[in-house]
Amino acid sequence: MPTQHRAIQSRQALIRSAAETFLEKGVPAAGMVEISRRARLSKGALYFHFTSKDDLTLAVRDAALATLNEIEDGFARSPEPLTVAVRDFAVELFGRVQSDAVLRAGLRLRPETAPGLDIHALEQRWYALFLDKAVTCPTGTPVGIGDGLTGPHPSDAEPRRTAQLLTSIVVGLLHLGGGDRTWWDGEAVTGLWGLLPAAAGRVPAGIPAPAQVPAG
């Protein structure tokens with residue numbers, strides 16, 4: 001195996017090991033020796049790639065962000081109308097959160113430890129992402145959601161409030177799933193989206209815009 005490829009594999013193994021240890025014990029209690037042993041690598045190999053636990057923690061954050069960017073890019077390329085695209089985004093996101101320890105650990109890092117993945121940052125970036133699609137995707141297209149229900153695309157008249165509503169739903173599910181993973185089940189998410197057509201046409205005006213994101 002080429003040396004460079006082996007080094008990449010070792011680095012990835014250490015990041016994954018750190019994420020698993022962070023999830024089990026928390027960042028403060030996670031030891032570098034334990035992380036290296038879990039990865040089946042020497043302590044010297046760990047310090048070859050990472051100078052400190054802070055450095056390793058940021059690597060977990062960066063790897064989680066890379067996965068999140070990949071999921072968001074898939075959403076941006078989706079040909080589906082906004083509501084369906086966000087539903088698919090949520091199903092993909094929560095599926096990856098459950099199966100990917102690095103992403104799950106990254107989302108649990110404290111903002112002061114590894115900024116960029118806290119709930120407020122996610123709220124802002126997803127609102128901007130959903131709003132961009134709301135104002136650029138075709139409007140007036142009948143779409144099917146849930147059990148064959150159809151209705152007008154809800155972003156026809158109120159793209160900003162629709163983006164706010166969908167952002168609130170995704171962020172809320174992410175938070176709820178941290179305590180009960182049934183909220184992240186793909187069928188549960190799809191079933192929830194099946195309830196949207198009746199309500200999406202009249203998005204409540206009182207839903208606040210995400211912090212620091214202009215609503216108008």
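This is a predicted model: local features need pLDDT of at least 70, side-chain atom pairs count only at pLDDT 80 or more; totals for chains, interfaces and linings use all residues.

Analyst: Residues are numbered from 1 along each chain as its sequence is written, and side-chain values use heavy atoms, with hydrogens and water left out.

User: How do the axes of α5 and α9 cross?

Analyst: At roughly 160°, and they come within 9 Å. Helix α5 covers residues 82-99 and α9 covers 186-193. Helices here are DSSP runs (H or I, at least four residues), numbered from the N terminus. Axes are lines fitted to C-alpha atoms over the stretch in contact, and angles run from 0 to 180 degrees between N-to-C directions.

User: Parallel or antiparallel?

Analyst: Roughly antiparallel. That label takes angles over 145 degrees.

User: Which residues make the contact?

Analyst: From α5, T83, V86, R87, A90, V91 and F94; from α9, G186, V189, T190 and W193. Contact means heavy atoms within 4.5 Å. By class, there are six nonpolar, three polar and one charged residues. Ala, Val, Leu, Ile, Met, Phe, Trp, Tyr, Cys and Pro count as nonpolar, Asp, Glu, Lys and Arg as charged, and the others, Gly among them, as polar.

User: What about α5 and α6?

Analyst: Helix α6 spans residues 101-108, and its axis is 5 Å from that of α5, at an angle of about 100°. The two are therefore roughly perpendicular, a label for 65 to 115 degrees.

User: Which residues are in that contact?

Analyst: R96, V97, Q98 and S99 of α5 meet A101, L103, R104 and L107 of α6. That makes four nonpolar, two polar and two charged residues.

User: New topic. What's the phi of R40?

Analyst: Positive, about 60°, although R40 is not a glycine.

User: Where does R40 lie?

Analyst: In the loop between α2 (32-38) and α3 (43-49). R40 is exposed, with a relative accessible area of 80%. Exposed means over 50%, buried under 20%, and partly exposed in between (1.4 Å probe, protein chains only).

User: And R161, which helix is that in?

Analyst: R161 is in α8, residues 159-177. R161 is partly exposed, at 23% relative accessibility.

User: Which side chain does R161 have a polar contact with?

Analyst: E158, at 3.2 Å. A polar contact is a pair of N or O atoms within 3.5 Å; within protein, one must be able to donate a hydrogen and the other to accept it, and residues adjacent in sequence count only if both atoms are side-chain atoms.

Key: Angles under 35 degrees count as roughly parallel, over 145 as roughly antiparallel, 65 to 115 as roughly perpendicular and the rest as oblique.
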